[in-house]
Amino acid sequence: MTFTALATLAALKDDFKRLTNPHNIIVTLRKMQRSNGSYGAVYPPNASDSESDLRFVYCACAISTFLSNWDGIDVNLATKYIHSCGTSFDGGIGLVPGQESHGGSTFCGVASLKLMGMMGEDGNEEWKSDLIRWCSQRQVLLTNEDYNPSGGMQGRPNKLQDTCYSYWIGGSLLLLDSFDVLDHDALQSYVMSCQNEQMGGFSKVHGAMPDVLHSFYSLCYLSISQEEGSNLHAMKVNKMECALNVRSDKIKYFDVLRDS
């Protein structure tokens with residue numbers, strides 16, 4: 001919720017000056033990091049009812065970026081944890097070590113590394129090429145009736161297309177400097193096919209009812225892909241900062257990326 005609150009304030013172009021004690025946020029953040037580098041969802045981090053996975057590592061990195069204070073994260077330990085979530089057999093990233101690769105957890109891992117400035121600090125580029133391959137293979141480019149229209153992204157192998165993964169995986173590839181491996185004409189066409197003409201929002205899959213979550217992530221992908229493909233002539237979308245999920249012009253107050 002701390003990340004959500006700060007991201008909302010940033011989207012509203014708030015300068016955070018009304019935060020009563022941002023230092024305490026960082027102090028608590030430091031206490032929430034576990035010995036393996038992960039973060040618990042609540043304090044204390046080892047509470048039996050506290051989840052602990054890459055989602056909360058990403059939240060910690062985003063909070064640190066918004067507040068321009070990295071004292072709440074052991075960056076090297078967090079980086080080691082992210083790499084431990086990588087799966088050697090397919091190249092993707094799971095939510096926790098040993099779990100199946102997934103588009104959402106892949107984005108959390110990649111965006112965290114980007115925000116920490118640790119994208120290439122381990123001296124091993126093999127993991128990156130394997131991850132790019134896994135991400136590129138998630139685009140569904142088939143012509144059978146079960147995938148009509150096709151061109152969208154799936155979150156895991158053998159799953160259906162889903163508009164939110166156009167951003168989770170597309171954004172991961174953008175942060176990995178490999179955005180061009182996707183067929184953006186096909187992907188943009190699929191995302192636009194999921195827009196409801198009467199209600200205006202975007203759905204998870206073609207023909208379903210629109211919802212807020214998939215409308216948001218569809219627009220996020222359309223934003224970051226405006227210079228790719230040719231299917232956006234009818235829609236102007238504001239540019240956004242991919243690693244933070246916030247419009248670029250709303251976060252000019254902050255040090256957005258440590259390695260930019």
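Which backbone oxygen does the side chain of Ser64 reach? The legends below begin with that residue. This is a predicted model, in which local features need pLDDT of at least 70 and side-chain atom pairs count only at pLDDT 80 or more, while totals for chains, interfaces and linings use all residues. Residues are numbered from 1 along each chain as its sequence is written, and side-chain values use heavy atoms, with hydrogens and water left out.

**View 1**
Ser64 sits in helix H3; helices (H or I, at least four residues) and strands (E, at least two) are DSSP runs, numbered from the N terminus. Its side chain reaches the backbone oxygen of Ala60 at 2.8 Å. Ser64 counts as buried because its relative accessibility is 0%, and buried means under 20% relative accessible area, with exposed over 50% and partly exposed in between (1.4 Å probe, protein chains only). Setting aside residues up to four places away in sequence, Ser64 touches Leu29, Asn69, Trp70 and Ile73; contact means heavy atoms within 4.5 Å.

**View 2. The largest nonpolar core.**
A nonpolar core is a set of buried Ala, Val, Leu, Ile, Met, Phe, Trp, Tyr and Cys residues joined through side-chain atoms within 4.5 Å. The largest one has 66 residues, and Phe66, Ile73, Met116 and Tyr167 touch the most other members. Helix H3 (residues 54-67) gives the most to this core, with ten residues.

**View 3. Leu173 and Gly171 in helix H7.**
Both Leu173 and Gly171 belong to helix H7. Leu173 is buried because its relative accessibility is 0%. Not counting residues up to four places away in sequence, Leu173 touches Ile132, Cys135, Ser136, Ser178, Phe179, Val181 and Leu182. Of these, Ser136 is 37 residues from Leu173 in sequence and 8.1 Å from it in space, C-alpha to C-alpha. Gly171 also counts as buried, because its relative accessible area is 0%. Beyond its neighbours within four places in sequence, Gly171 is in contact with Phe107, Ser166, Ile224 and Cys242.

**View 4. Gly109 in helix H5.**
Look for Gly109 in helix H5. With a relative accessibility of 0%, Gly109 is buried. Leaving out residues up to four places away in sequence, Gly109 touches Leu54 and Ile82. Gly109 and Ala78 are 31 residues apart along the chain, and their C-alpha atoms are separated by 9.8 Å.

**View 5. The largest pocket.**
On a 1 Å grid over the protein atoms alone, a pocket is an open set of points where a 1.4 Å probe fits, with protein on both sides within 12 Å along at least five of seven lines; lining residues have an atom within 4 Å of a point. The largest pocket has a volume of about 940 Å³, where volume is the space filled by probe spheres set on the points, joined across faces, edges and corners. Of its 36 lining residues, Phe3, Thr4, Arg55, Tyr58 and Cys59 are the closest to the centre. The lining has 26 nonpolar, nine polar and one charged residues; Ala, Val, Leu, Ile, Met, Phe, Trp, Tyr, Cys and Pro count as nonpolar, Asp, Glu, Lys and Arg as charged, and the others, Gly among them, as polar.

**View 6. The second largest pocket.**
This pocket has a volume of about 340 Å³. Its lining is made of 17 residues, with Leu174, Ser223, Ile224, Lys239 and Met240 nearest its centre. H7, H9 and strand S1 (240-241) each give two or more residues to the lining.

Key: A polar contact is a pair of N or O atoms within 3.5 Å; within protein, one must be able to donate a hydrogen and the other to accept it, and residues adjacent in sequence count only if both atoms are side-chain atoms.
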